Amino acid sequence: MPQIRHTPEAPTRAQALAAGERIDAHRHDDHQIVYAGSGVLAVTTDAGTWFAPGTRALWIPAGTVHAHRAHGHLDLHLIGLPADDNPLGLDAPTVLAVGPLLRELILAYTRAPDDTGPERRRLLAVLRDQLRASAQEPMRLPAPSDPRLASVCAILRDDPADPRTLAALGAATGAGERILSRLFRSELAMTFPQWRTQARLYHALLLLADDVPVTTVAHRCGWSSTSAFIDVFRRALGHTPGVHHRRP
């Protein structure tokens with residue numbers, strides 16, 4: 001088992017990651033805010049994967065073992081907060097909406113990480129206020145522990161366009177539909193259709209980060225039509241995949 005890297009203080013800095021680049025599993029004694037100004041950031045723990053495009057940030061609580069992966073080119077902005085400074089009161093990774101003001105605050109705060117002057121302290125105070133006002137968003141793909149459920153989820157993660165019903169997937173993996181349905185609810189707090197939609201949305205974001213055309217993304221992720229994909233994407237992210245595709 002690889003050793004988990006431990007960095008007592010979560011760094012505050014700006015950092016670029018190339019497409020496909022990873023930061024291996026590690027943990028900090030501090031809380032961390034991670035914002036990717038472009039591309040899609042995926043943060044994985046034993047509990048699942050949280051994914052954040054450029055209009056979202058990730059809150060990672062102190063002590064959480066996590067790994068990063070870049071999809072598309074990432075301009076990462078990292079902010080560390082002491083473990084006793086939790087303006088959100090959150091004890092699990094969480095995706096947060098980032099409006100124009102919060103975005104500019106994050107960029108400004110990470111521009112001069114060694115500055116300790118009073119202006120920067122005031123900047124952090126406003127940033128914390130904006131964090132508290134940010135909406136929390138369910139952009140997470142939870143990971144199953146039951147091997148029967150894990151087998152079904154693995155099929156759909158490998159091929160989100162797989163059209164089979166839960167009964168058919170259960171037959172292919174040796175598990176009953178009723179058992180699997182209960183496991184989705186008890187382990188993942190989602191129904192099977194909800195989890196599959198979330199898996200498709202996650203995969204769609206990764207393809208868009210690689211500049212795959214919207215119509216191709218809809219087909220590869222299993223939507224019946226491009227318009228159906230656009231509708232789901234807009235409801236989840238607040239804008240169309242075409243607009244997302246053109247973001248810097």
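Student: How far apart are Arg 132 and Asp 129 in helix H2?
Tutor: They sit three residues apart in H2, which spans residues 118–133, so about one helical turn separates them. Keep in mind that this is a predicted model.

Student: And what do their side chains do?
Tutor: Arg 132 and Asp 129 meet in a salt bridge, at 2.3 Å from N to O.

Student: Are those two buried or partly exposed?
Tutor: Arg 132 is partly exposed, at 42% relative accessible area. Asp 129 is partly exposed as well, at 41%.

Student: How many salt bridges does the structure hold?
Tutor: Eight. Among them is Arg 103 with Glu 104, at 2.9 Å from N to O. Another one joins Asp 29 to Arg 27, with the closest N and O atoms 3.7 Å apart.

Student: How exposed are Asp 29 and Arg 27?
Tutor: Asp 29 has 36% relative accessibility, so it counts as partly exposed. Arg 27 is partly exposed too, at 29%.

Student: New topic. What order do the strands of the open sheet take?
Tutor: Six strands line up as S2-S9-S4-S7-S10-S11, with antiparallel pairing. The edges are S2 (13–17) and S11 (136–137), and each of these pairs on one side only.

Student: How many bridges join S7 to S10?
Tutor: Four, between residues 56–60 and residues 94–97. For instance, Ala 57 has Leu 96 in S10 as its bridge partner.

Student: Last one: where is Leu 208, and is it buried or exposed?
Tutor: Leu 208 lies in helix H6, residues 192–209. Its relative accessibility is 3%, so Leu 208 counts as buried. The cut-off for buried is under 20%.

Terms used
Residues are numbered from 1 along each chain as its sequence is written. This is a predicted model: local features need pLDDT of at least 70, side-chain atom pairs count only at pLDDT 80 or more; totals for chains, interfaces and linings use all residues. Side-chain values use heavy atoms; hydrogens and water are left out. Two strands pair if DSSP finds at least two bridges between them. Helices (H or I, at least four residues) and strands (E, at least two) are DSSP runs, numbered from the N terminus. Buried means under 20% relative accessible area, exposed over 50%, partly exposed in between (1.4 Å probe, protein chains only). A salt bridge is a side-chain nitrogen of Lys or Arg within 4 Å of a carboxyl oxygen of Asp or Glu.
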